[in-house]
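Dear colleague,

I am handing over the structure below, and I would be grateful if you could look through it with the notes that follow.

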Amino acid sequence: MSIEVASRPTLLAPAAPAAPLQTRTKPRRHVLDLDDFSVQEVEAVLQTTAAMKDVLQRPIKKVPTLRGKTLVTLFYESSTRTRVAFELAAKALGADTVSVAAQSSSVTKGESLIDTIRTLQALGADFVVMRHHQAGAPYVVAEELSASVINAGDGWHAHPTQALLDLFTIRERLGRIDGLRVAIIGDILHSRVARSNLWGLGLMGANVVLCGPPTLLPASDFCDGLPWTFERTYRLDEAIEGADVIMLLRMQLERQSGGLFPSLREYVRTYALTEERLARAKPGVVIMHPGPMNEGVEIDPRVARSTQSVIETQVTNGVAVRMALLYLLSGLPA
Ligand code: CP
C-alpha cells in the first residue's frame, strides 16, 4: 500500500479543500498571531487538522509530505506541550527537526536573537518555531528570515497555535463555535492564550466573557484593534452562568511583579473551579485548560479529570493542528 502523500495529496486531506494560507495580499509565510487571520484561513486550518487526525489514527502515523524540510524549535522559555507537539507534527510529516534551548545555545555566550536566527537560517531551517519572553520578538525575527516563523508564545502577547487547537477542540466537541458562550477565567492580564483566543473565538462568532480578580482583569481595550466586544466580570458565578465552555488559566506568577491579589488561598476560595461550582454551570459545559495546570489552585483535580474536561484532548489535538499549519504554510498543492 502506498503512503506517498506528496504525490497523492487527497490521501492527506480527503475532506479539506485547503489551499495554502493566504493573507489579504499574499500567500501567508508566518503565523505570528490570529489578528491577521480571515475566517477562511481558520476554516482551512480546522479542516486540514481533521485530515491530519486521520493520519495520526493510521497504524503508521507518518507521511512523507515534508520530506527534505527542516523545522527548528528555538525556545527561550520552558515548554512541554507546544515544543513536543511541533516536533511530533514535523516528524509525522517526514521533516527533520532540530531543537535549540536558549539555555544551552550560544545565547549564553552573548549571541543576540538576530545573530542566532541568522545562524539557523544559514544552517538551512525551513520553519522556525519560536517562544520568547519578549512580546513582539517573533515579529522582529520574521523580518529577518526567508524561512516561515511560527510564534509558539511571545511574552504576554500571543499564542496563536494554542488558540487554533482550542478552536478545533471546541468544534470537535460541540459541533460549532458560532454563538457559543466561552468563559475565560484566571490571570487574563498576563495571558497570551486569552489574547489569541479573543481573536480566534471572536472571529469564529463566539461570545467571550473574561473573568478574574479586578487586578488581573484588563481594561476593555487591552487587545489592540480587536473589532468585537466581550464581557468582563470579576464574579465567577456570573461568568459561568450559561457558559458552553469554561477555559481556566493559571496564575502567571513569573510575569507578575507581586501584590496583584492577597494570596493564592484567597484566589482559590474565589475563583477555583470546584465540583460544587461546576454543578451550578450549564449541564454539558466543556472544561478546558491550555496547561500547565496548577491543580488545586485554578482547577480542582476532580474537575480536571471529569468527563466534561477536554484538557487531554487539547494536548492530543495540538499535534494535528501543528501538522495542518506546517502543511499549509509549506504551500504544497491541495
Ligand atoms: N499550552 C502551552 O503552551 O503549554 P507549554 O508551556 O507546555 O508549551
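Two strands are taken to pair if DSSP finds at least two bridges between them, and helices (H or I, at least four residues) and strands (E, at least two) are DSSP runs numbered from the N terminus. This is a predicted model, in which local features need pLDDT of at least 70 and side-chain atom pairs count only at pLDDT 80 or more, while totals for chains, interfaces and linings use all residues. Residues are numbered from 1 along each chain as its sequence is written, and side-chain values use heavy atoms, with hydrogens and water left out.

On those terms, strand E1 (residues 70-75) pairs with E2 in the parallel sense over 6 bridges, and Leu 74 has Val 100 of E2 as its bridge partner. Both strands belong to an open sheet of 4 strands, ordered E2-E1-E3-E4 with parallel pairing. Because strand E2 (96-101) and strand E4 (148-154) stand at the edges with a single partner strand each, one side of each is left without a neighbour in the sheet. The twist averages 15° from one strand to the next, where axes are lines fitted to C-alpha atoms (for helices over the stretch in contact) and angles run from 0 to 180 degrees between N-to-C directions. Helix H5 (residues 137-144) packs on this sheet, touching strand E3 (127-132) and E4, and its direction makes about 170° with that of E4; contact here means heavy atoms within 4.5 Å.

A second open sheet has 5 strands in the order E7-E6-E5-E8-E9, again with parallel pairing. Its edge strands, E7 (231-233) and E9 (286-288), each pair on one side only. Strand E6 (residues 207-211) pairs with E7 in the parallel sense over 3 bridges, with Leu 210 opposite Arg 232 in E7. Helix H7 (residues 192-203) lies across strand E5 (181-185), E6 and strand E8 (245-248), running at about 170° to E5.

Among the polar contacts (pairs of N or O atoms within 3.5 Å), a polar side-chain atom of Ser 79 lies 2.6 Å from a ligand oxygen atom, and a side-chain N or O atom of His 159 is 2.9 Å from an oxygen atom of the ligand. A backbone N or O atom of Gly 291 lies 3.3 Å from a nitrogen atom of the ligand.

Technical notes:
Polar contact = N/O pair within 3.5 Å; in protein donor to acceptor, adjacent residues only side chain to side chain.
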